[in-house]
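Work through the exercises below with the sequence and the model open. Each task is followed by a stepwise solution.

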Amino acid sequence: MLLIYTHKITSRFGYTMRQIFTRILGIEVTFTTTVEDFIKHSGPKITYTKQPLQNEFFVRSTDLLFEQGINDINISIEDWEGVPSFFTTGERSAVPFDIFAASFYLLSRYEEYLPHVKDIHGRFPPKESIAYKNGFLKRPVVDLWAFKLFEQLRVRFPEIEAKERKYRYTSVIDVTTSHCFAYRGTVRGVAGFLKDLFTLKWKRVAGRVRVWVDPTNDPYDNFNELIALHKSRKIRSMFFFQFADYSTYDKNVSPNSNCFRYLIKSIADYSVVSLSASYSSFDDIDMLRNEKRRLAEVVHRPVNFSRMRYNRVSVPETYRNLVDAEFTDDYTMGYTHEVGFRASTCTAFYMYDINLEIQQPIRVHPFAFHDYALANSTNEQRILEQLNTLYREVKSVNGAFLSIFSNELLGSDHSIDWMQLYKKVIDAYYQ
């Protein structure tokens, strides 16, 4: 049991300590504001406040974990033995920066509460993030910090033990467009055919005709191949299906299609199936609940996991909506067009709502990359080099490596064979 002394136990303080010590390092932790209890404790212990009590393991605190609300904070990046850091502290501190405040800043997505210009889909631009600007977007620095802190604690307290955690790869398949041509209804099919015909897209015209003759020829219908791949490699996989009515940004097969429903039920026999929430449900809680309910009726089991269309996340409103809709886990924490860790971690964490100063009861699973961040690349070797960099970072802390691939890109015609690249990815990273 690790004891942490501080001058004030706040919601932010408890949230951060449990994430660092319990969820990342697997160390039981307890807190005290009583000096006497701290002094008489014979096991491992840390002081986290402005001044040390004696000659104990001391981490000097800044004010962030003891404040409320949002303030415009000046960030200056330093180097801690090869790892970027900020919130520098004095020499008396065992760690040269406030590791806990810095971790909270990144995990809570503090910077996304600050004024910023959103993109056309209402998303926080990755290039506005501290991680992108300072070159550590591809590093799970919160986990790296935690394990470096643990090594220092072990020097001081050789008896301290952490629960060994194991690296885990998860393949997430995003199915916002299950079929390119099949099962889309007569009106949509004929309209699409005429549009392709008049715009001289002969390859799409031929593709439509092949699919009308035999729906299994649909280029996006690669589900049997994916299931077979996952079974042969024993991959942990998850399929997120959009199950929404047609709209400007939501153009999947109708949820009323029996063929579409059968596809979802068949995949649910082999993999986790959950909801890729529609674009339209982003700020419509009733629509979100309805999509969740209808999908649950198809798979005959609870739908607890979510992904947001286009990775649209507005902190903290999106997570409040997901909590209200009774989702327990979300897989949207990442950037569509940038490779790396949006929250600077490869460990699942609970979302902290700064406006309410509470930990929301929804667990966030950060992904390392979305395939569309790589879609414009024409060099497979460069793609694999980028992904290998991410893999090594995650593996070094035995974290969770999540990839997001879409059946649409895997079935599309590109200069790179994305299905073959996907096979290389899962062969390289699944263990």
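Angles from 65 to 115 degrees between axes count as roughly perpendicular. The model used here is predicted.

**Exercise 1. Classify the packing of α1 against α3, and find which residues meet.**

Solution. 
- Step 1: Take the geometry. The axes of α1 (residues 11-25) and α3 cross at roughly 95 degrees and come within 10 Å.
- Step 2: Apply the cut-off. The range for roughly perpendicular is 65 to 115 degrees, and α1 and α3 are therefore roughly perpendicular to each other.
- Step 3: List the contact. From α1 come R12, Y15, T16, M17, Q19, I20 and F21, and from α3 come F100, S103, F104 and L107.
- Step 4: Sort these residues. The contact of α1 with α3 divides into 7 nonpolar, 3 polar and 1 charged.

**Exercise 2. How many residues of α3 are buried?**

Solution. 
- Step 1: Buried means under 20% relative accessible area.
- Step 2: Count. In α3 (residues 99-107), 9 of 9 residues are buried, and the helix is mostly covered.
- Step 3: Name some of them. The buried residues include I99, F100, Y105 and L107.
- Step 4: Step past the helix end. Just after α3, R109 has a positive phi of about 60 degrees.

**Exercise 3. Is E111 buried or exposed?**

Solution. 
- Step 1: Locate the residue. E111 sits in the loop between α3 and α4 (130-133).
- Step 2: Compare with the cut-off. E111 has 8% relative accessibility, so E111 counts as buried.
- Step 3: Find its contacts. Leaving out residues up to four places away in sequence, E111 touches Y105, H116, F124, E128, S129 and I130.

**Exercise 4. Which residues have the most contacts inside the largest nonpolar core?**

Solution. 
- Step 1: Pick out the core. The largest one has 122 residues, and F21 and W145 have the most contacts inside it.
- Step 2: Inspect W145. Beyond four places in sequence, the contacts of W145 include W80, F86, F97, I99, A102, S103 and L106.
- Step 3: Look for another core. A second, separate core has 7 residues, among them V172, M238, F367 and L402.

**Exercise 5. Describe how α9 and α10 pack.**

Solution. 
- Step 1: Read off the values. Helices α9 (residues 258-268) and α10 (residues 285-299) pack at about 65 degrees, with axes 9 Å apart.
- Step 2: Classify. α9 and α10 are therefore roughly perpendicular to each other.
- Step 3: Assign the hand. Their crossing is right-handed.
- Step 4: List the contact. R261, I264, K265 and A268 of α9 meet L295, V298 and V299 of α10.
- Step 5: Sort these residues. The α9 and α10 contact has 5 nonpolar, no polar and 2 charged residues.

Notes:
Residues numbered from 1 in each chain as written. Predicted model: local features only at pLDDT ≥ 70, side-chain atom pairs only at ≥ 80, totals over all residues. Heavy atoms only, no water. Axes fitted to C-alpha atoms, helices over the stretch in contact; angles between N-to-C directions. Helix = DSSP H or I, 4+ residues; strand = E, 2+ residues; numbered from the N terminus. Parallel < 35°, antiparallel > 145°, perpendicular 65-115°, else oblique. Left-handed = near helix turned anticlockwise from the far one by under 90°. Contact = heavy atoms within 4.5 Å. Nonpolar A, V, L, I, M, F, W, Y, C, P; charged D, E, K, R; others polar. Buried < 20%, exposed > 50% of the residue type's maximum accessible area, 1.4 Å probe, protein only. Core = buried A, V, L, I, M, F, W, Y, C linked by side-chain atoms within 4.5 Å.
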